[in-house]
Amino acid sequence: MSDDLVFSDEQAETSSRKSLPPWQILVVDDEPAVHEVTKLVMSDFEMDGRGLHFTHCYSAAEARTVLAERTDIALILLDVVMESEHAGLDLARHIREDLGNLNVRIILRTGQPGQAPEEQVIRDYDINDYKEKTDLTRRKLITVFYAGLRAYRDLMRIEQASLGLRRSIEAISQVCDSRNLRGFASAVLEQVNFLLDLHGEGLCASRVSAYTANATQGQLKVLAATEAYSQLMVDEEVRNLPEGVQAAITRALQEKVSHHGERYYAGYFKTKAGSESLIYMEFVEPVGAQARELLELFSRNVAITYDGLLLREDTETAQRTTICILGGAIEKRCSESSLHLQRVGDIAALLTAATGGTEQEVELMRVAATLHDVGKACIPDHILTKPGPLTPEEWATMQTHAQEGHALLSHSRSRVHTLGAQLALEHHERWDGTGYPRGLAGEAISLPGRIAAVADVLDSLVSASCYKPAWTLQAALDYLQSESGLQFDPQLIALVNTQRQAIGTIYAD
């Protein structure tokens with residue numbers, strides 16, 4: 001077995017293969033003998049490897065209760081005359097109009113055709129067939145079942161394919177985050193099942209090239225899994241698989257080609273960047289050539305998409321790291337703490353999340369907040385590193401770093417730099433309006449600006465500098481509380497108090 005693929009020593013149960021569920025049939029008739037005869041005549045019926053399961057209702061009112069709770073009924077055999085002369089017809093209209101169930105096939109059966117003329121009923125009611133009970137021989141009843149169940153099956157395939165497509169489109173809209181690739185791949189995997197009616201169970205996994213600068217390189221990661229394998233939808237190596245599945249995956253990785261058996265498919269694809277992707281699917285019926293071709297196409301596209309996402313993720317990571325490195329170089333001109341910018345970003349991200357920011361907004365704030373003091377690059381060293389108090393002239397020069405940082409970052413249209421420009425300009429504004437450079441007050445200061453002000457002051461107090469010793473975290477938090485409503489937004493300070501444990505964790509790392 002390959003050393004690259006690590007499996008647990010525990011033995012999982014040997015197969016996820018399941019028998020297909022029966023077709024759900026509802027018989028609605030006030031004559032018990034009709035129920036018994038129907039069940040007896042159709043006892044050995046089977047279509048697509050699925051038998052029948054009957055639910056019996058002896059009135060339209062009873063059927064209404066059942067149908068209100070169940071959406072899996074494929075075929076209804078419906079009597080017309082029960083507790084009233086038109087009970088069956090009223091129930092048919094209720095199913096279509098009130099319940100909105102357009103998929104179930106409704107076969108009207110009547111022993112009194114004069115009560116409900118066929119032409120009128122077919123015209124006025126959304127039913128799928130009309131039969132007189134005396135005309136329903138065993139052969140004709142079997143024909144009715146085949147026609148009705150095939151129609152229901154095809155409608156459900158279309159509905160499930162549409163659902164899978166909607167999920168795929170939703171996942172594509174978030175494809176910028178590599179973690180959402182799992183949702184995308186899983187939706188496509190399900191759609192392939194629905195379209196081909198394969199009823200397969202399996203997973204899709206990828207191993208990143210050793211030449212790709214990514215933390216997951218060399219490890220096999222699960223990207224998508226069907227329900228039977230859903231426990232594998234975590235960031236871990238593939239493990240706890242049945243022996244046969246282990247063997248199929250290992251063979252694909254060792255031979256670097258796709259292979260298949262009568263009831264399984266193990267697809268392998270290697271991208272130009274060297275990443276490997278594989279798909280394992282297990283079926284209850286033999287796999288045809290067309291199904292294998294579509295699964296091969298799926299595997300190939302997932303691998304290519306995953307490579308593209310990894311490249312983008314690595315590029316974004318490099319950009320964030322570069323920003324932090326350059327910001328740290330500027331910060332070191334006046335401080336021995338190289339972690340100040342990182343902690344300001346972490347605190348700002350924490351408060352952004354606490355105010356209800358999205359995951360994307362939180363991560364954007366984490367990076368942009370490290371740019372708040374970039375304007376200090378324009379401040380002369382003799383002012384920036386002066387150990388004692390600044391003269392009024394020097395202080396005026398120091399204050400220009402807010403505008404200078406805004407001007408530097410405004411040259412870029414990227415979201416990180418746009419937000420960074422805003423934070424550079426506003427992080428020294430005060431809630432009471434006595435800050436600089438514009439003297440903004442209250443909510444005239446943007447929420448990101450107010451958050452950056454809190455994060456910057458908190459870590460500046462805790463960090464030692466050329467002009468002051470470090471404060472304890474508790475003393476710094478007490479200072480923030482004392483300035484609530486003066487220097488800082490009081491609602492943000494209230495949030496800081498609820499996040500004290502999380503803030504302490506930032507300083508414990």
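Two strands count as paired if DSSP finds at least two bridges between them. With that in hand, here are some close-up views of this predicted model.

**View 1. Strands S6 and S10 run side by side.** To find one of them, look for Gly202, whose bridge partner in S10 is Met281.

View 2. Strands S6 and S10 belong to an open sheet of 5 strands, ordered S7-S6-S10-S9-S8, with antiparallel pairing. Its edges are strand S7 (220–225) and strand S8 (259–260), each of which pairs on one side only. Helix H7 (residues 243–255) lies across S6, S7, S8, strand S9 (264–270) and S10, and runs at about 150 degrees to S10.

**View 3. A parallel sheet.** Here you meet another open sheet, in which 5 strands pair in parallel in the order S2-S1-S3-S4-S5. Strand S2 (52–57) and strand S5 (129–132) are the edge strands, each pairing on one side only. From one strand to the next, the twist averages 20 degrees.

**View 4. Strands S4 and S5 up close.** Strand S4 (residues 105–110) pairs with S5 in the parallel sense over 4 bridges. A handy landmark is Ile107, which stands opposite Asp129 in S5.

View 5. Helix H1 (residues 32–41) lies across strand S1 (23–28), S2, strand S3 (75–79) and S4, and runs at about 180 degrees to S2. Helix H2 (residues 60–69) also packs on the sheet, touching S1, S2 and S3, and its direction makes about 130 degrees with that of S2.

Key. Residues are numbered from 1 along each chain as its sequence is written. This is a predicted model: local features need pLDDT of at least 70, side-chain atom pairs count only at pLDDT 80 or more; totals for chains, interfaces and linings use all residues. Side-chain values use heavy atoms; hydrogens and water are left out. Helices (H or I, at least four residues) and strands (E, at least two) are DSSP runs, numbered from the N terminus. Axes are lines fitted to C-alpha atoms, for helices over the stretch in contact, and angles run from 0 to 180 degrees between N-to-C directions. Contact means heavy atoms within 4.5 Å.
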